[in-house]
Amino acid sequence: MDARKVTLRKMTPSEYEAATEHREAETARELGKFMPTELARERARRGTAQFLPDGRDTAGHHLVVAENASGEVVGNAWIGPDPRQATATTDSAWLYDINVFAPFRRHGYGSAILTAAEELVAREGMTSLNLNVFGDNAAAIALYRCNGYEVPPMSMSKSVRPRSRGRGSGARPE
């Protein structure tokens, strides 16, 4: 397979609406594994409102589509400030979302979008691009690994449910 190239451009209003709808649905689907569906949807919507208060025109954020050499839109991405950094003078950026549209998957466009995103943040003086990926998303993990992304110290979690306070629970509130 030859190396794909893409050009990034700012999303149009309708592309932004479609990308936001898709991202929030995917986020809610993932969060729905750990919480009630309606709460997951609300958290996804709140995340968009928190990080993109001015939508596609939010300062410091790049909401872009990726076009191939034929001018076809093959996917999109959201790149912005690293949310783990307290100041705006950070040297790292964050890949909040990346999406390769179904007809273009498994053809090298994921890597091409990552490369274009890395070039964009490097032009802005950033020295790293960071991201989160759900642990069960094997395809995304493989994409990131083959593009040189490494796992820093890992954070793990487990959902816990309150147990009944019947006999033998062993735990007593103080």
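Q: Why is Lys 33 called partly exposed?
A: The relative accessible area of Lys 33 is 42%. Buried means under 20% relative accessible area, exposed means over 50%, and partly exposed covers the values in between (1.4 Å probe, protein chains only). Lys 33 at 42% therefore falls into the middle class. The model is predicted: local features need pLDDT of at least 70 and side-chain atom pairs count only at pLDDT 80 or more, while totals for chains, interfaces and linings use all residues. Residues are numbered from 1 along each chain as its sequence is written, and side-chain values use heavy atoms, with hydrogens and water left out.

Q: What makes Asp 136 and Lys 33 a salt bridge?
A: The term requires a side-chain nitrogen of Lys or Arg within 4 Å of a carboxyl oxygen of Asp or Glu. The N to O distance between Asp 136 and Lys 33 is 2.6 Å, so the pair qualifies. It links distant parts of the chain, 103 residues apart: Asp 136 is in the loop between strand E5 (128-130) and H4, and Lys 33 is in the loop between helix H1 (13-31) and helix H2 (37-51). These elements are DSSP runs numbered from the N terminus, helices being H or I with at least four residues and strands being E with at least two.

Q: Why is Asp 136 called exposed?
A: Its relative accessible area is 52%, which places Asp 136 in the exposed class.

Q: How do you know that the salt bridge of Arg 9 with Glu 67 ties together separate parts of the chain?
A: The closest N and O atoms of Arg 9 and Glu 67 are 2.7 Å apart, which meets the criterion for a salt bridge. Arg 9 lies in strand E1 (residues 7-10) and Glu 67 in strand E2 (residues 62-67), so the bridge joins parts that are 58 residues apart in sequence. Arg 9 counts as partly exposed because its relative accessibility is 27%.

Q: What makes Trp 78 and Tyr 96 a stacked aromatic pair?
A: Rings of Phe, Tyr and Trp (its six-membered ring) pair if their centres lie within 6.5 Å; planes under 30 degrees apart count as stacked, over 60 as edge-to-face and the rest as tilted. By this rule the count comes to four aromatic pairs. Trp 78 and Tyr 96 are 4.3 Å apart, centre to centre, with 15° between the planes, so the pair is stacked. Trp 78 belongs to strand E3 (residues 73-81) and Tyr 96 to strand E4 (residues 92-100), so the pair ties together parts 18 residues apart in sequence. Both Trp 78 and Tyr 96 are buried.

Q: How do you know that the buried residues of H4 lie on the same side?
A: In helix H4 (residues 138-146) the buried residues are Ala 140, Ile 141 and Tyr 144. They cover an arc of only 100° around the axis, so they lie on the same side of H4. The arc is that of the directions from the helix axis to the C-beta atoms. The face turned away from this buried side carries the exposed residues Ala 138, Ala 139 and Cys 146.

Q: What makes a set of residues a nonpolar core, and which members of the largest one touch the most others?
A: Such a core is a set of buried Ala, Val, Leu, Ile, Met, Phe, Trp, Tyr and Cys residues joined through side-chain atoms within 4.5 Å. The largest has 24 residues, and Val 6, Ile 79, Leu 95, Ile 113, Leu 129 and Tyr 144 touch the most other members. E2, E3, E4, H3 and H4 each give two or more residues to this core. H3 supplies the largest share, eight residues.

Q: Why is Ala 116 called buried?
A: Ala 116, in helix H3 (residues 109-123), has 9% relative accessibility and therefore counts as buried. Not counting residues up to four places away in sequence, Ala 116 touches Val 6 and Leu 8, contact meaning heavy atoms within 4.5 Å.
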